[in-house]
Amino acid sequence: MKISNSFKLVILTGLIMPMTLFILGAYNGVMQTIYRAGILHQSSVAGINYYQGLTMHGVINAIVLTTFFAVVFGHITLSYYLKREPPKLSYQISMALMVLGTSLDIITMIAGKAQALYTFYAPLKASALFYMGTAILIVGSWIAFFGWIKIYLEWKMENLEKKMPLAILGTFVNFSMWFIATLPVAYETIIILTPWSLGWTHSINIPLTRMLFWMFGHPLVYFWLLPAYVAYYTILPKIAGGKLYSGNAGRLAFLLFLILSAPVGVHHQFSEPVFTPGTKLWVSILTYGVALPSFMTAFTVGASLEYAGKKRGSKGLLGWMLKLPYFKIDNYLFGYFICGLFLFIFGGVSGIVNASYSLNQLVHNTDWVPGHFHMTVAGPVLLVILGMSLYIYSSISGKEIKFKTLAVIIPYIWMVGVAFLSHGLMSGGLMGEPRRTNLGLSYTNPDHPLFNKLWVPTTTITLIGGLIMGIASILYFFLFFSTIAGKKVNESIIILPESEELHEEKKIPLLLDMRPWLALSVILILFTYVPGLISVFKYSKSVSSQYQPDNPQNLILEKKGIGNKNGKPEYDEN
Ligand code: HAS
């Protein structure tokens, strides 16, 4: 399908802006591994301090890049399947807001006025512009969704008998969940954090801000994942040379995410007294439940790959694995997809460990947790973003991808890097290594009284992983920006590889109508969170916070007359 110039501009902006910022996001990721391995014993490098860098790493990679990609991929998916572009006003306003919001976030982070991490709940305080920027970015993504609903309804009027295409169901589930989940964080940023940051209010209910964040924070991770799932169900079988094993299984998986993604946010707060033991047990069960659609995906996508391998002439029970197009220059996308799936096997299993209330007590706030999430968000999520960004850029700009051999090997290098990184983080985590801590200042500094030699090997493995990921990123940036610098040789079109379904499946009305699932989703959210909110208002109160955006530990110690905030040891020698 041909694309209008204004839509093309929006798509290209939505690809190039976050990818450029990703350079900063990736750099700060590598720096984390360098600090923590004790290569550096200081609190800042090149004017960016540890927490400022960690905030940039999280916000750019996990909020900006993912949200832009979800919107751009949604635009392409909707336009491709419905054969029409979204309303101009919606995609233009949406992209303008997203660019504005992101710019505010980036400016405040670079200026050192936002070091509140990507979770940004109190007591860490950022500039009001950061909170506003995040809210504007989110509202921008809603507006894209509203435009898609409009064109879908038009299409439906013309195609009453047709099912909603699976890719569109996945996208709509994702954005419906996103819309519901972002309401609490919109309230948190606009009504609570911004006035507090501006000094209009002098106290803040910290547990409330944390709860509002996590109501959004877990659906957020599925918001990252579902575009990748749309690609796994609707693109991967085709590029593997096969067909999708079951479209109905895909529909059910997406709809299960719609009902289960939001209430499970409580599992990030298992260590907090604000939820009753009953709620925690309930959420532990729901968290096992939210793994089900991923298990279904493993089997459905696995069966689709097996079918593809068999069509390519494989023999024996597992021979299909060897027949898949791992290193085909003209099929570079496959590598991004399959490496993501490999990593996700381990990312998923570690998530199930976290889900258990008792095991969670062992791993919470240790490096196990970033070990888990790098195999999810830096696994299937990021790899699909990298692969599909190249693909979409090339087809929309009409430029050929440069250095195709490089395009094929990058995901494998990245996968090896993530495997090292996560292995180091998780094994360190099991030995108590804390996350979000500049270990190089103390625990991995041999000259420091808190030096812990057990954490040297684990942080070194993490460092090796980080450096390999850094190399893969540099190669990718080189490839992506060289492609941008190339000449247009083809017509600009909207196109996607489209998998056929293997069987003509029965129409199951419940899988074709999102409304009952939406209603159930709201009921489950209320059932889970109303008791928590009652407890928050009953047992916690607003306090005037003594924390500041720079390392809160420093300030407390400073008040007590111990240590200082200039990178000098901050410990009590007694
Ligand atoms: Fe998680 C913490 C539980 C999935 C991201 N998670 C996090 C945090 C992040 C995150 C960012 O219960 C930290 C937040 C923070 O900053 O504090 N997570 C789970 C569970 C799942 C899960 C049960 N997480 C994800 C995904 C993420 C993500 C997806 C990002 C995209 N997570 C937790 C819990 C915590 C947590 C607790 C809190 C920890 C704490 O205490 O702080 C499940 O959804 C996972 C299900 C996945 C599977 C895997 C299916 C495998 C597939 C691949 C198949 C391979 C094939 C290839 C087909 C069951 C689909 C075969 C081909 C061949 C050739 C062999």
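The following legends describe close-up views of a predicted model.

Because the model is predicted, local features are given only at pLDDT of at least 70 and side-chain atom pairs only at pLDDT 80 or more, whereas totals for chains, interfaces and linings use all residues. Residues are numbered from 1 along each chain as its sequence is written, and side-chain values use heavy atoms, with hydrogens and water left out.

**View 1. The shell around the ligand.** The ligand is surrounded by 35 residues, and the closest are Tyr 118, Tyr 222, His 364, His 372 and Arg 435. By residue class, the shell divides into 21 nonpolar, 13 polar and 1 charged. In this scheme Ala, Val, Leu, Ile, Met, Phe, Trp, Tyr, Cys and Pro count as nonpolar, Asp, Glu, Lys and Arg as charged, and the others, Gly among them, as polar. At least two shell residues come from each of helix H6 (206–234), helix H9 (277–311), helix H10 (333–355) and helix H12 (368–374). The largest contribution is that of H10, with 9 residues. Helices (H or I, at least four residues) and strands (E, at least two) are DSSP runs, numbered from the N terminus.

View 2. An N or O atom in the side chain of Tyr 222 lies 2.6 Å from an oxygen atom of the ligand. For the side chain of His 364, the distance from an N or O atom to a ligand oxygen is 2.6 Å. The side chain of Asn 360 places an N or O atom 2.9 Å from an oxygen atom of the ligand.

**View 3. Domains of the protein chain.** The domain assignment, which is automatic or taken from a database, gives domain 1 (1–162), domain 2 (209–316 + 514–566) and domain 3 (325–437 + 453–488). Domain 2 and domain 3 each provide at least three residues of the shell around the ligand. The C-alpha centres of domain 1 and domain 3 are 19 Å apart. Between these two domains, 31 residues of domain 1 are in contact (heavy atoms within 4.5 Å) with 32 residues of domain 3.

**View 4. The largest nonpolar core.** This core has 183 residues, and those with the most contacts inside it are Leu 305, Tyr 336, Phe 337, Met 388, Ile 392 and Tyr 476. Helix H2 (residues 50–82) supplies the largest share of the core, 21 residues. A nonpolar core is a set of buried Ala, Val, Leu, Ile, Met, Phe, Trp, Tyr and Cys residues joined through side-chain atoms within 4.5 Å. Buried means under 20% relative accessible area, exposed over 50%, and partly exposed in between (1.4 Å probe, protein chains only). Residues up to four places away in sequence being left out, Met 388 touches Phe 69, Phe 73, Ile 235, Leu 333, Phe 337 and Leu 496.

View 5. Helix H13 (residues 377–397) is mostly covered, with 21 of its 21 residues buried.

**View 6. Backbone features in loops.** Ala 122 and Pro 123 are joined by a cis peptide bond with omega of about 15°. Pro 123 is placed in the loop between helix H3 (88–110) and helix H4 (128–158). Although not a glycine, Ala 46 has a positive phi of about 50°. Ala 46 belongs to the loop between strand E1 (44–45) and strand E2 (48–49), and Ala 46 is exposed at a relative accessible area of 69%. Lys 83, also not a glycine, has a positive phi of about 55°. Lys 83 lies in the loop between H2 and H3 and counts as exposed at 52% relative accessibility.

View 7. Asn 174, in helix H5 (residues 166–198), counts as buried at 2% relative accessibility. Apart from residues up to four places away in sequence, Asn 174 touches Tyr 222, Phe 223, Leu 226 and Pro 227. Pro 325 lies in the loop between H9 and H10 and is buried, with a relative accessible area of 1%. Beyond its neighbours within four places in sequence, Pro 325 is in contact with Ile 239, Ala 240, Arg 312, Asn 331 and Phe 334.

Key
Near = heavy atom within 4 Å. Polar contact = N/O pair within 3.5 Å; in protein donor to acceptor, adjacent residues only side chain to side chain.
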